Amino acid sequence: MLNIVLFGPPGSGKGTQSAKLVEKYGLLQLSTGDLLRAEIAEGTALGLKAKSLMDAGQLVPDEVVIGMISSKLENNPTAKGFIFDGFPRTVAQAEALDSLLAERNTKIAKMLALEVANAELIVRLLLRGKDSGRADDQNEEVVKDRIEVYNSKTLPVANYYKGQGKFVSINGVGEVDKIFKALCAQIDVAQI
Ligand code: AP5
C-alpha cells in the first residue's frame, strides 16, 4: 500500500496534482475539503456546521475530519493506497492518521509539500473565485485568513513529518506538468 500526504497552502495545487496522481498511480484521493463540500451540498447537519467555518477560512474541528477519514479508510479496504489532500492540517490530525493507518498495518510513505509564495496563492484563489462558486475564494481577506491559518496551525504538521524523515519539498510554481513530474519522481522512489 502506498500512502502519500500532499501538503501545501491553500491554492498551492494539491487538488490539481492529486487528480493527475490518481490517474497515473490508481491511488484513492481523500480530500477533506471535497468531503466537507459534499456534506454542504447534501445539506447534512455536519455540512451546516462546517459551512460557516469554511466560508470564514477557519478549520473545521479535528474530530469531524478525523471521523470522515476514518470511515473512508474503513470503506475502502482494498485500495492500492491513498493520497491525502488537505489532511492532516493539525498535528492532532497527523497523530490520528498514523494510528488509523497503523491499525491497518500501513503508514505514510512521504509528505510531498508544494511550495508557493503567498502573493501567487492570492492571485490563483481570487482568479478561481470568479467562477468556482467557493465563498472562501471570493474575498481577499478570507483568502489571507486561510493562509494565516495555514501558517499558524498547519505548518507544524510539516515538522511532524520532518521528524519521521518523510518530508520532501517540491517547487509548486510553474507549469502543472513540470510540477507533476517532480512529484512522480518522488513517488517512484517511494515505491521501490
Ligand atoms: P480545501 O478544500 O482543502 O482547500 P484549500 O486547502 O484551501 O485548498 P484549495 O482547494 O483551495 O487549493 P489546492 O492546494 O487544492 O489547489 P488547487 O489545485 O485547487 O479546504 C477548504 C476548507 O475546508 C478549509 O479552509 C477548512 O475550513 C476546511 N477543511 C478542509 N480540510 C480540513 C481539515 N483537514 N481540517 C480542518 N478543516 C478542513 O489550485 C488552486 C487554483 O490554482 C486553481 O484554480 C488551479 O487551477 C490553479 N493552479 C493549480 N496549479 C497551478 C499552477 N502550477 N500554476 C498556476 N495555477 C495553478
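Biologist: What should I know about the ground rules?

Modeller: Residues are numbered from 1 along each chain as its sequence is written. In this predicted model local features need pLDDT of at least 70 and side-chain atom pairs pLDDT 80 or more, while totals for chains, interfaces and linings use all residues, and side-chain values use heavy atoms, without hydrogens and water.

Biologist: At what angle do helix H5 and helix H7 pack?

Modeller: Two packed helices are described by the angle between their axes and the distance between the axes. Here H5 (residues 91-103) and H7 (residues 140-163) pack at about 40 degrees, with axes 8 Å apart. The two are therefore oblique to each other (under 35 degrees is roughly parallel, over 145 roughly antiparallel, 65 to 115 roughly perpendicular, the rest oblique).

Biologist: Which residues in H5 meet H7?

Modeller: Val 91, Ala 94, Glu 95, Leu 97 and Asp 98 do, against Pro 156, Val 157, Tyr 160 and Tyr 161 in H7.

Biologist: How many salt bridges does the structure hold?

Modeller: Side chains of opposite charge can pair when their charged atoms come close. The structure holds twelve salt bridges (a side-chain nitrogen of Lys or Arg within 4 Å of a carboxyl oxygen of Asp or Glu). One of them joins Arg 104 and Glu 74, at 3.1 Å from N to O.

Biologist: Are Asp 137 and Arg 134 buried or exposed?

Modeller: Both are buried (under 20% relative accessible area; exposed is over 50%, partly exposed in between, with a 1.4 Å probe and protein chains only).

Terms used
Axes are lines fitted to C-alpha atoms, for helices over the stretch in contact, and angles run from 0 to 180 degrees between N-to-C directions. Helices (H or I, at least four residues) and strands (E, at least two) are DSSP runs, numbered from the N terminus. Contact means heavy atoms within 4.5 Å.
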